[in-house]
Amino acid sequence: MKLLLTSLAFFSLCTAAMPQKVDNTPITKLDLDRYLGRWYEIARYDHSFERGLVGCMADYSLRDDGKIKVLNSGYLKTLDGDYKESIGKAKARKNGTEGQLQVSFFGPFYADYDILELAPDYSYSVVGSSSPRYLWILSRTPHLSTATKDKILRNLRQRGYDTSKLIWVEQR
């Protein structure tokens with residue numbers, strides 16, 4: 001009996017640490033010219049490379065080689081804190097849909113950038129990855145209406161994302 005209880009406890013710990021299963025199906029059509037420009041980070045899952053940043057933005061522009069220049073920026077701890085930026089590049093994912101890109105900030109290493117939801121007028125975007133550990137809500141403006149936020153959160157919960165883990169990013 002003691003062995004059974006120990007095994008059950010170990011199994012519970014292991015499964016609790018496993019990432020949840022989510023539907024990370026990306027959009028299939030993207031007008032890249034409309035997607036380029038400034039996006040304000042409204043919310044994100046926590047991860048080390050943005051920890052402590054507020055006022056976060058992503059600026060996308062076309063490079064001469066056809067790739068996308070990615071300029072991520074934010075302020076450390078407060079909107080008056082130290083300005084931080086990171087420059088990377090993005091490209092279409094081989095054999096992917098138009099909504100599947102790859103982004104790199106570290107040399108030849110690329111990470112998935114999957115556009116999960118995009119407003120018809122390109123006013124907001126929800127970005128994930130092949131891993132359920134990454135999630136961002138982006139907007140063309142520093143703030144989203146409550147109705148739009150509620151719609152996005154409802155859609156994310158239907159996809160299996162834990163929206164309670166979102167960090168709401170302070171913006172001006």
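**Exercise 1. Which strands each supply at least two residues of the lining of the largest pocket?**

Solution. The model is predicted: local features need pLDDT of at least 70 and side-chain atom pairs count only at pLDDT 80 or more, while totals for chains, interfaces and linings use all residues. Residues are numbered from 1 along each chain as its sequence is written, and side-chain values use heavy atoms, with hydrogens and water left out.

Step 1. A pocket is an open set of points on a 1 Å grid over the protein atoms alone, with protein on both sides within 12 Å along at least five of seven lines; lining residues have an atom within 4 Å of a point.

Step 2. Strands are DSSP runs of E with at least two residues, numbered from the N terminus. Those supplying at least two lining residues each are S1, S2, S3 (68-76), S4 (83-92), S5 (100-106), S6 (109-118) and S8.

Step 3. The lining comprises 33 residues, with Phe49, Glu50, Asn72, Phe105 and Trp136 nearest the centre of the pocket. It divides into 21 nonpolar, 6 polar and 6 charged residues. Here Ala, Val, Leu, Ile, Met, Phe, Trp, Tyr, Cys and Pro count as nonpolar, Asp, Glu, Lys and Arg as charged, and the others, Gly among them, as polar.

**Exercise 2. Determine the surroundings of His47.**

Solution. Step 1. His47 is located in the loop between S1 (37-44) and S2 (53-62).

Step 2. His47 is classed as buried because its relative accessibility is 6%; buried means under 20% relative accessible area (1.4 Å probe, protein chains only).

Step 3. The His47 side chain makes a polar contact with that of Glu50 at 3.2 Å. Such a contact is a pair of N or O atoms within 3.5 Å, of which, within protein, one must be able to donate a hydrogen and the other to accept it; residues adjacent in sequence count only if both atoms are side-chain atoms.

Step 4. Apart from neighbours within four places in sequence, His47 is in contact (heavy atoms within 4.5 Å) with Tyr134 and Trp136.

**Exercise 3. Describe the pairing and the two faces of S8.**

Solution. Step 1. Two strands pair if DSSP finds at least two bridges between them. S8 pairs with S1 in the antiparallel sense over 4 bridges, and Glu41 stands opposite Leu138.

Step 2. S7 (residues 124-128) also runs antiparallel to S8, joined by 4 bridges, with Tyr124 opposite Ser139.

Step 3. In a regular strand, side chains alternate between the two faces of the sheet. In S8 (residues 136-139), Trp136 and Leu138 are buried on one side, and Ile137 and Ser139 are buried on the other.

Conventions:
Buried < 20%, exposed > 50% of the residue type's maximum accessible area, 1.4 Å probe, protein only. 1 Å grid on protein atoms, 1.4 Å probe; cavity = no way out; pocket = protein on both sides within 12 Å on 5 of 7 lines; lining within 4 Å.
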